[in-house]
Protein chains: 2
Amino acid sequence: MRKKATHQHLAEHTKYRQYLLKKGLKLSRARETVFWEVMEAHGHFAAEELVKQCAIRNRGVSRATIYRSLKELFGAAVIRETAFGEKHHHFEHVYDEKLHHHARCIHCYKIIEVPCLQEYKKYLELLKKEHFQVLGHELHFYGTCQNCLEIK
Amino acid sequence: MRKKATHQHLAEHTKYRQYLLKKGLKLSRARETVFWEVMEAHGHFAAEELVKQCAIRNRGVSRATIYRSLKELFGAAVIRETAFGEKHHHFEHVYDEKLHHHARCIHCYKIIEVPCLQEYKKYLELLKKEHFQVLGHELHFYGTCQNCLEIK
DNA sequence: CTTTATGCAAAGTTTTTGCAGATCA
DNA sequence: TGATCTGCAAAAACTTTGCATAAAG
């Protein structure tokens, strides 16, 4: 049983369809399945987690297809990768308009989600309140470079 | 032949030594070797790159030890991990005071390094000049959480 | 009916681990 | 000397790929 699709989900679906169209790819049953499984995942998830979820739910999609679909969903900017210092990739939804950032403890790997504020100083204040000792930060933009814009 | 250690390198070395001391770990030949190889690496590097470099230079340190040392150097906050959407970890020096950020193209994986500015708007202006179309960003703090501060 | 997608299983990469012998404090 | 380290090789974890068959448009 699948949850009702939200407006956001449908918007993402359109984006994905247009991406596939532009690339001359087909909207197959497997792609649909993976898309909706991804939409139902919350927060960060790893490729293998999705594989397991699909297995448990008997979605009938193979590991290979899931990996292939994740790459596409990434290409279509439906999901993005996040950096958690583990050896496997982590993904999360791009659409999540309530963008959040991450503070990771280098000792225990715990992650604190931080809302999107406007000023750097405010982040530091917030993290200080959480008793998180900041050693540094990294800002990571994703998008399309000049070259790829032209190819498109 | 090894390059002359800079002031920064020595400061990092002290930090590492203190970390080892606190943890009851020994400053072994292998740890020294890996430390200095890491100091000589520039920009981002992957664990396997270091393995290859040590092999070429006949440093006599095994792959296992290199992986183990990288974890420690990470724990000691001598290096940090960066997120480049490839399947292996990337590291860079923490000490690099000329902190920079990254903009990655989701199509070709090209990375633009962006200097550390003060305001978000300035980043967008800069990237616009580079004809990089920003889809989103992620801010990633690293440090020590409350719990681990107490344990320490 | 042509093109693209899929599953499978095998291969490829990256990382971790157990253990016996070596090294450090 | 007693604790921690190391290399080795094997295993584990994650990801990709080739190919024959299936499905989509």
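This is a predicted model: local features need pLDDT of at least 70, side-chain atom pairs count only at pLDDT 80 or more; totals for chains, interfaces and linings use all residues.
## The surface near DNA strand D

DNA strand D is surrounded by 25 residues, where a residue is near a strand if one of its heavy atoms lies within 4 Å of it. The closest are Tyr67(A), Ser28(B), Ala30(B), Ser62(B) and Thr65(B). Sugar or phosphate accounts for 73% of the atoms of DNA strand D within 4 Å of the protein, and bases account for the rest.

Both chains contribute helices to this surface. H3 and H4 of chain A, together with helix H2 (29-40) and H4 of chain B, each supply at least two of its residues. Helices (H or I, at least four residues) and strands (E, at least two) are DSSP runs, numbered from the N terminus. H4(A) provides the largest share, five residues. By class, the surface near DNA strand D comprises eight nonpolar, seven polar and ten charged residues. In this scheme Ala, Val, Leu, Ile, Met, Phe, Trp, Tyr, Cys and Pro count as nonpolar, Asp, Glu, Lys and Arg as charged, and the others, Gly among them, as polar.

## The surface near DNA strand C

DNA strand C has 26 residues around it, and the closest are Lys26(A), Ser28(A), Arg31(A), Thr65(A) and Tyr67(B). Of the atoms of DNA strand C within 4 Å of the protein, 75% are from sugar or phosphate, with the rest from bases. Helix H2 (29-40) and helix H4 (63-75) of chain A, and helix H3 (47-56) and helix H4 (63-75) of chain B, each give at least two residues to this surface. Here the largest share, five residues, belongs to H4(B). The residues near DNA strand C include eleven charged, eight nonpolar and seven polar ones.

| Protein atom | DNA atom | Distance |
|---|---|---|
| Lys26(A), polar side-chain atom | DNA strand C, base oxygen | 2.4 Å |
| Gly60(A), polar backbone atom | DNA strand C, phosphate oxygen | 2.9 Å |
| Lys71(B), side-chain N or O atom | DNA strand C, phosphate oxygen | 2.8 Å |
| Lys71(A), side-chain N or O atom | DNA strand D, phosphate oxygen | 2.9 Å |
| Lys26(B), side-chain N or O atom | DNA strand D, base nitrogen | 2.9 Å |

## Helix packing in chain A

Two packed helices are described by the angle between their axes and the distance between the axes. For H2(A) and helix H3 (residues 47-56) of chain A, the angle is about 110° and the axes are 11 Å apart. Axes are lines fitted to C-alpha atoms, for helices over the stretch in contact, and angles run from 0 to 180 degrees between N-to-C directions. H2(A) and H3(A) are therefore roughly perpendicular to each other; angles under 35 degrees count as roughly parallel, over 145 as roughly antiparallel, 65 to 115 as roughly perpendicular and the rest as oblique.

From H2(A), the residues Val34(A), Glu37(A) and Val38(A) meet Leu50(A), Gln53(A) and Cys54(A) of H3(A), contact meaning heavy atoms within 4.5 Å. This contact of H2(A) with H3(A) is made by four nonpolar, one polar and one charged residues.

## Individual residues of chain B

Ser69(B) belongs to helix H4 of chain B. With a relative accessible area of 2%, Ser69(B) is buried; buried means under 20% relative accessible area, exposed over 50%, and partly exposed in between (1.4 Å probe, protein chains only). Residues up to four places away in sequence aside, Ser69(B) touches Tyr16(B), Arg31(B) and Val34(B).

Most residues other than glycine have a negative phi. Asn58(B), in the loop between H3 and H4 of chain B, has a positive phi near 55°. Asn58(B) is exposed, at 66% relative accessible area. Ala77(B) also has a positive phi, near 60°, and lies in the loop between H4 and strand E2 (79-82) of chain B. At 9% relative accessibility, Ala77(B) is buried.

Note on methods:
Residues are numbered from 1 along each chain as its sequence is written. Chains are lettered from A and ligands numbered from 1 in the order in which they are written. Side-chain values use heavy atoms; hydrogens and water are left out. A polar contact is a pair of N or O atoms within 3.5 Å; within protein, one must be able to donate a hydrogen and the other to accept it, and residues adjacent in sequence count only if both atoms are side-chain atoms.
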